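Reader: I have a structure to get through and I'm new to it. Can you walk me through what stands out?
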Amino acid sequence: MPHAQRLRWGVLGCAGFALRRTIPALLETPSAELIAVAGRTVEKAESFRRRFNLPRAYGSYEDLLADPAIDAVYIPLPHSLHAEWMLKSIAAGKHCLCEKPFTVNAAEAGQVRDAAEAAGIRVMEGFMWRFHPQHARATELVKSGAIGPVRLIRASFAFHYSDRSNFRMDPALGGGCVLDIGCY
């Protein structure tokens, strides 16, 4: 995509993952231009705006969605809010990259899919494993036979959340190990 056609992004939420991973990645992507961040408070959004030298900060997600300069949004909100904000983003004509899980259940996923298809909007779950270079290389090694026949794959993956107030610990917010790390 030529720079003249860069996708203009907004971030709905001031999550730690957006701070550490997604915003820096968007800023390094030649086909992306990060325009704005929105937070539950303008102070939090303004803190992100200053840190990353962004043009705009919004104190509400609705205000960011109303910005005609934004083509797409990244949604790093708690799991239980994913469907709601993807649907609102779609209604505002914004493409969506939503952090995993896409939604908390199949019915919500179907609603988002149907709305996106009807509006001609692209939506995608931010699930990096499918695109990570190390997995592409592992797939290449297996397919080429370079490592011989695969007989067993054993893996372990875990997080330790000592902060019980973390939304990932609250089932009402879509928390729990299955939606958060079970997909790995």
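Author: A word on terms to start with: helices and strands here are DSSP runs, numbered from the N terminus. Also, this is a predicted model.

Reader: Fine. How many helices and strands does the protein have?
Author: The protein has seven helices and six strands. Along the sequence they follow the pattern β-α-β-α-β-α-β-α-β-α-β-α-α.

Reader: What share of the residues counts as buried?
Author: Of the protein's 184 residues, 34% are buried.

Reader: And the contacts, what share joins residues at least 24 apart?
Author: Taking contacts between residues at least 6 apart in sequence, 57% join residues at least 24 apart.

Reader: Let's pick a residue. Where is His-82?
Author: His-82 is in helix H4, which covers residues 82–91.

Reader: Is His-82 buried or exposed?
Author: His-82 counts as buried because its relative accessibility is 0%.

Reader: Pro-101, then. Is the peptide bond from Lys-100 to Pro-101 cis or trans?
Author: That bond, from Lys-100 to Pro-101, is cis, with omega near -5°. Pro-101 sits in the loop between strand S5 (95–99) and helix H5 (106–119).

Reader: Is Cys-98 buried or exposed?
Author: Cys-98 is buried, at 0% relative accessibility. Cys-14 is buried as well, with a relative accessible area of 16%.

Reader: Changing topic. How many aromatic pairs are there?
Author: The count comes to two aromatic pairs. One of them is Phe-48 with Phe-52: the ring centres are 6.3 Å apart and the planes are at 55°, so this pair is tilted.

Reader: Where are Phe-48 and Phe-52 in the chain?
Author: Both are in helix H2 (residues 42–52). Because they are four residues apart in that helix, about one helical turn separates them. Phe-48 is buried at 5% relative accessible area, and Phe-52 is buried at 15%.

Reader: Which residues make the aromatic pair that is edge-to-face?
Author: Tyr-61 and Trp-85 make that pair, with 5.1 Å from centre to centre and 85° between the planes. The pair links distant parts of the chain, since Tyr-61 is in helix H3 (residues 61–65) and Trp-85 is in helix H4, 24 residues apart. Both Tyr-61 and Trp-85 are buried.

Reader: What lies over the face of Trp-85?
Author: Lys-88 does, at 4.2 Å from the ring centre.

Reader: What else is Trp-85 in contact with?
Author: Leaving out neighbours within four places in sequence, the contacts of Trp-85 are Leu-12, Tyr-61, Glu-62, Leu-65, Ile-75 and Leu-77.

Reader: How many residues are in the largest nonpolar core?
Author: The largest nonpolar core has 22 residues. Trp-85 is among those with the most contacts inside that core, along with Leu-12, Leu-64, Val-73, Ile-75 and Met-86.

Reader: Which elements supply at least two residues of this core each?
Author: Strand S2 (32–38), H3, strand S4 (72–75), H4, S5 and H5 do. The largest share, four residues, comes from H4. Apart from this core lies another, of 15 residues, among them Ala-18, Ala-32, Val-37 and Leu-54.

Reader: Now loops. Where does Asn-53 lie?
Author: Asn-53 is in the loop between H2 and strand S3 (56–58). Its phi is near 55°, a positive value in a residue other than glycine. At 66% relative accessibility, Asn-53 counts as exposed.

Reader: And Asp-67, buried or exposed?
Author: Asp-67 is buried, with a relative accessible area of 6%. Asp-67 is in the loop between H3 and S4.

Reader: What does Asp-67 touch?
Author: Not counting residues up to four places away in sequence, Asp-67 touches Ile-35, Arg-56, Tyr-58 and Lys-94.

Definitions and conventions
Residues numbered from 1 in each chain as written. Predicted model: local features only at pLDDT ≥ 70, side-chain atom pairs only at ≥ 80, totals over all residues. Heavy atoms only, no water. Buried < 20%, exposed > 50% of the residue type's maximum accessible area, 1.4 Å probe, protein only. Phe/Tyr/Trp six-rings, centres within 6.5 Å; stacked < 30°, edge-to-face > 60°. Lys NZ or Arg CZ within 6 Å of the ring centre and 35° of its normal. Core = buried A, V, L, I, M, F, W, Y, C linked by side-chain atoms within 4.5 Å. Contact = heavy atoms within 4.5 Å.
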